[in-house]
Amino acid sequence: MEIQFLQKLKQNPKIGVREIKGVLESEIFEVENKLNISFPKSYKEFLFLAGESCGALQILDTTDLKTISSDWHKEIQKEELESTRTEFDGPFWLFAESNGCEVFHFFYLEDGIDDPVVFSVDYDIYDDNKRIIKTSDKKFSVFIENKIKSAIRIDKQGY
């Protein structure tokens with residue numbers, strides 16, 4: 001796969017002792033077909049480079065394609081969103097999550113958008129039974145670049 005958006009990730013396959021590990025293009029295509037969606041180009045590059053393991057990148061607990069796209073994981077996600085009455089402005093893809101989808105990062109699946117803006121779902125500070133949606137105002141590629149910079153800094157300086 002030609003890497004257009006995530007050159008910095010391609011150039012940093014290992015930070016400290018932790019390596020990234022990607023998935024095959026055929027695995028990405030298989031998930032897209034199964035779910036009848038099309039991933040943005042920048043996310044496909046991420047999957048190709050780090051879709052099995054994102055190494056030292058501090059994204060959230062679960063980012064691997066196999067888990068995120070599994071039927072059981074989709075069911076957990078659905079139950080969490082229903083129980084918290086979290087609503088979205090269109091079709092979206094949860095690409096990283098923690099604590100059974102209580103907190104996660106996502107982007108909207110919009111045709112023709114190769115590098116979407118990243119959003120987060122997190123606890124409402126006033127009500128643990130509600131979730132709020134926040135925009136990072138960063139495109140997916142910038143979000144990943146920031147995670148790389150942070151991982152390199154942590155590797156060199158510690159937390």
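Author: Happy to! A residue counts as buried when its relative accessible area is under 20%, and as exposed when that value is over 50%. Keep in mind that this is a predicted model. The residue I have picked is Phe140, which has 0% relative accessibility and therefore counts as buried.

Phe140 sits in helix 6, which covers residues 140–157. Leaving aside residues up to four places away in sequence, Phe140 touches Leu6, Ser42, Tyr43, Phe46, Phe95, Phe107, Asp115, Pro116 and Val118. Another pair to look at is Phe140 and Glu45: they are 95 residues apart in sequence, yet their C-alpha atoms are 11 Å apart in space.

Now for the chain around this residue. The chain holds six helices and six strands, and their order along the sequence is α-β-β-α-α-α-α-β-β-β-β-α. Among contacts with a separation of 6 or more, 58% join residues 24 or more positions apart. Of the 159 residues, 45% count as buried.

As for overall dimensions, the C-alpha atoms fill a box of roughly 40 × 40 × 25 Å along the principal axes. The radius of gyration is 15 Å, which agrees with the value near 15 Å for a compact globule of 159 residues.

Conventions
Residues are numbered from 1 along each chain as its sequence is written. This is a predicted model: local features need pLDDT of at least 70, side-chain atom pairs count only at pLDDT 80 or more; totals for chains, interfaces and linings use all residues. Side-chain values use heavy atoms; hydrogens and water are left out. Helices (H or I, at least four residues) and strands (E, at least two) are DSSP runs, numbered from the N terminus. Buried means under 20% relative accessible area, exposed over 50%, partly exposed in between (1.4 Å probe, protein chains only). Contact means heavy atoms within 4.5 Å. The radius of gyration is taken over C-alpha atoms; the globule rule is 2.2 Å times the number of residues to the power 0.38.
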